[in-house]
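The report below goes through a protein chain and its ligand, one region at a time. Please keep the sequence and the structure in view while reading.

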Amino acid sequence: MKTLKDLNIENKKVLLRCDFNVPLKDGVIQDDTRIVASLKTIKYIMEKNAKLIIFSHLGRVKEEKDIEENNLLPVAKRLSELLGKEVIFSEATKGKELEEKIDSMNEGDVLLVQNTRYEDLDGKKESGNDPELGAYWASLGDCFVNDAFGTLHRAHASNVGIASHMEGKSCFGFLVEEELTALQVLDEPERPFMVVLGGAKVADKIGLIDNLATKADKILVGGGMSYTFLKAKGLNIGKSLLDEENIEFCKEVLSKYGDKIVLPVDNAVTNEYTDTEEYRVKDIEELTEEEMGLDIGPKSVELFNNTLKEAKTVIWNGPLGVYEFEKYRKGTEEVLKGLVDNNIKTILGGGDVVAAASSCNLKDKVYHACTGGGATLEYLEGKVLPGIDCIK
Ligand code: AMP
């Protein structure tokens, strides 16, 4: 992996792709975690007396009305505050204004370019990786650093486009380095290697199951998707979530990898999808036609924890219950706690399980929590990520 320390950036014009896709409401940043997370890379580049030119997307820009809502100016202001230094902002994504601002930069200066997705209004030039746009942006600097993990699975002009014109002069930033280093643990995991799978739909996890089932020593399935597996085994699942179209797929997985698969034996049930009913637990076999399971129950927690305590490496994707309802977060929380208490190298694979871990203050206690749900999922599916491929 080529990282910042492998590239000579001293006194250079450095193009940096960040992920400043922060939640904004009426122009006010609701959560600046992504900006703060980028500071290590930004400060390192500034300390090398480089001129730093930053690109990022923000939201989706499909029509004129999306322009104002997705203006990056508040990010420039927040970044200025965090750095204690003015961040030059270019309203233009290309042309004279941008070029003049770059020409007047001094060593150590930072410039943020307006939302790269403004270019999508003109025939999806950013998201479609328009070759001219990538070449133009690349022409503005001497080298390229990609620190936007969340877009590595997409070929956009501001990542793959620029990198394709910077052969031998591009690398990953510290954030991407950290994420990829953690994920690479899974290439040759210390065994037993176990996978915890949850979340809503089997359909979204087919690629993941196909890729990980052969490698894993055990696969523990919970959450909404476990009911399609239970149904495939011939059990009654009442009104629980069912992915009808994938019952056959689950049957195949069970017949191929049955000895590796661990399914819930009990669950917290309700009659309606709500958190207002009294918390009650039933064995899976006892579910009636009127009931649905919203979380794994205490016997399943024990079964999962007893299995997982033998693991040396664990990857976990998807919560084991409807964690958005505090009551039905319990299963996910107890299993997470078990992993943390037993000091097992655990990687949380993006999205909802990371949010669930955050809500019970366990996110910072695991070995690594991946950001960027889409990129992590595609990595775990064994796909080649264009944003990685063009720099490797
Ligand atoms: P995913 O994006 O596939 O990881 O799915 C995450 C979603 O799965 C969350 O919004 C959870 O509320 C949902 N989920 C987890 N367990 C269940 C369940 N037993 N029934 C319905 N939804 C669930």
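## The sheet containing β1 and β4

In this predicted model, strand β1 (residues 13-17) and strand β4 (residues 51-55) run parallel and are joined by five bridges. Within that pairing, L16 of the chain has I54 in β4 as its bridge partner. Strands of a sheet pair through backbone hydrogen bonds, in either a parallel or an antiparallel manner.

Both strands belong to an open sheet of six strands, whose order is β5-β6-β4-β1-β7-β8 and whose pairing is parallel. The edges of this sheet are formed by β5 (87-90) and β8 (170-172), each of which pairs on one side only, and the twist from one strand to the next averages 25°. Helix α4 (residues 96-103) packs on the sheet, where it touches β1, β4, β5 and β6 (110-113), and the direction of the helix makes about 160° with that of β5.

## The sheet containing β9 and β15

Strand β9 (residues 193-197) is paired with strand β15 (residues 313-317) in the parallel sense over five bridges, and L197 stands opposite N317 in β15.

## The ligand and its surroundings

The ligand is surrounded by 15 residues, of which the closest are A200, K205, G224, G293 and E324. For A200, a backbone N or O atom lies 3.0 Å from an oxygen atom of the ligand, whereas for K205 a polar side-chain atom lies 3.1 Å from an oxygen atom of the ligand.

## The chain as a whole

The chain holds 15 helices and 17 strands. Its radius of gyration is 23 Å, which is close to the 21 Å given by the globule rule for 392 residues, so the chain is as compact as a globular protein of that length. Taken along the principal axes, the C-alpha atoms of the chain fill a box of roughly 70 × 45 × 35 Å.

Methods
Residues numbered from 1 in each chain as written. Predicted model: local features only at pLDDT ≥ 70, side-chain atom pairs only at ≥ 80, totals over all residues. Heavy atoms only, no water. Pairing = 2+ DSSP bridges. Helix = DSSP H or I, 4+ residues; strand = E, 2+ residues; numbered from the N terminus. Near = heavy atom within 4 Å. Polar contact = N/O pair within 3.5 Å; in protein donor to acceptor, adjacent residues only side chain to side chain. Rg over C-alpha atoms; globule rule 2.2 N^0.38 Å. Axes fitted to C-alpha atoms, helices over the stretch in contact; angles between N-to-C directions. Contact = heavy atoms within 4.5 Å.
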